[in-house]
Amino acid sequence: ALRAPDNDRQTLVATTYSSGEFGAKALYLLLEQSGVTVSRLRQFPPCNDSQGTALWILSPLPLPPIDADAALDFVRGGGTLLAPPDLLVDLFVRNGVAKARAVKSACGSEHPCAVTTPWKLGFTAPDTSLRHLTGVAADDLYASASGEPVVARYAIGDGSVVSLGALDSLRNHVIGDGDAGPFWMRVAATVGDHHAFDEVHTGYGDLNLITLLWRAPYRWAARSEERRVGKECRS
């Protein structure tokens with residue numbers, strides 16, 4: 001059974017439906033009240049035009065294979081995907097970058113770690129929460145800690161992915177610390193005009209038939225359904 005999209009204050013995932021300390025509703029409202037076009041996706045994959053769209057996936061877990069393929073197609077078509085580095089590694093590997101890895105950032109003797117940005121907006125984060133990508137070169141650096149690219153953009157096809165290696169800094173209980181809120185606003189303004197938050201993979205979506213079949217022992221049927229949904233999206 002899926003959780004209903006109400007204000008679940010006890011959840012540990014960064015869902016935009018929760019105003020609990022680990023949720024991400026504050027980020028959603030911050031963007032919305034600043035005049036940014038925002039929406040929530042309760043089905044995956046999205047069937048809209050990817051051009052100019054920034055898709056946020058705030059779950060660090062790798063996507064199911066069919067959803068990963070759909071996310072990669074979204075990016076190659078010109079969209080921007082913002083997600084934790086552990087999720088993005090699989091997309092890079094699928095795109096032919098076999099050496100891509102997500103690793104814990106090292107801050108030396110700094111506790112918590114100081115995060116710096118090119119916009120002179122700074123904040124701190126626990127050293128255990130910061131991660132970054134290796135094996136792939138960043139095209140734009142948005143935030144770093146000890147010289148490591150914790151939030152950075154990487155081009156794939158006609159679009160981009162943005163590694164959210166400072167994921168915890170956008171959660172409700174810390175987004176107000178330092179310049180974290182203004183920083184995430186600047187990132188959003190930089191990468192897209194319309195921002196959609198995926199709630200399927202945080203557990204607050206309406207799972208499509210593909211994902212349900214993939215979780216069951218009938219994956220041959222999932223492949224057939226994938227082709228059908230792909231035709232619907234193109235039409």
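This is a predicted model: local features need pLDDT of at least 70, side-chain atom pairs count only at pLDDT 80 or more; totals for chains, interfaces and linings use all residues.
Student: How far apart are the end C-alpha atoms of helix H4?

Tutor: Helix H4 covers residues 180-191, which makes 12 residues. At 1.5 Å a residue it should span 16 Å. The value in the model agrees with this: 17 Å.

Student: Which residues of H4 are buried, and over what arc do they lie?

Tutor: The buried residues of H4 are Ala180, Gly181, Phe183, Trp184, Val187, Ala188 and Val191. They are on the same side of H4, because the arc they cover around the axis is only 165 degrees.

Student: Are Arg94 and Asp69 buried, partly exposed or exposed?

Tutor: Buried means under 20% relative accessible area and exposed means over 50%. Arg94 has 33%, and Asp69 has 25%. Both values fall in between, so Arg94 and Asp69 are partly exposed.

Student: Which residues are joined into one network with Arg94?

Tutor: Arg94 also meets Asp90 in a salt bridge, at 2.9 Å from N to O. Asp90 and Arg94 are four residues apart in helix H3, so about one helical turn separates them. Salt bridges that share partners then join Arg94 into one network with Asp69 and Asp90.

Student: What separates Asp73 and Arg76 along helix H2?

Tutor: The side chains of Asp73 and Arg76 meet in a salt bridge, 3.9 Å from N to O. Asp73 is partly exposed at 48% relative accessible area, and Arg76 is partly exposed at 35%. Because the two are three residues apart in helix H2, the separation is about one helical turn.

Student: How many salt bridges does a search of the whole structure find?

Tutor: Side chains of opposite charge can pair when their charged atoms come close. The pairs Arg94 with Asp69, Asp73 with Arg76 and Asp90 with Arg94 are among them. For the whole structure, the search gives six.

Student: Which element gives the most to the largest nonpolar core?

Tutor: This core has 35 residues, and those touching the most other members are Trp56, Leu58, Leu130, Val151, Phe183 and Trp184. Elements that give two or more residues to this core include helix H1 (25-33), strand S2 (53-56) and strand S9 (148-156). With six residues, the element that gives the most is H4.

Student: Where is Thr117 found, and which backbone oxygen lies 2.8 Å from its side chain?

Tutor: Thr117 is in the loop between S5 and S6. Thr117 is buried, at 12% relative accessible area. Beyond its neighbours within four places in sequence, Thr117 is in contact with Tyr142, Ala143 and Phe183.

Technical notes: Residues are numbered from 1 along each chain as its sequence is written. Side-chain values use heavy atoms; hydrogens and water are left out. The expected span of a helix is 1.5 Å times one less than its number of residues. Buried means under 20% relative accessible area, exposed over 50%, partly exposed in between (1.4 Å probe, protein chains only). The arc is that of the directions from the helix axis to the C-beta atoms. A salt bridge is a side-chain nitrogen of Lys or Arg within 4 Å of a carboxyl oxygen of Asp or Glu. A nonpolar core is a set of buried Ala, Val, Leu, Ile, Met, Phe, Trp, Tyr and Cys residues joined through side-chain atoms within 4.5 Å. Contact means heavy atoms within 4.5 Å.
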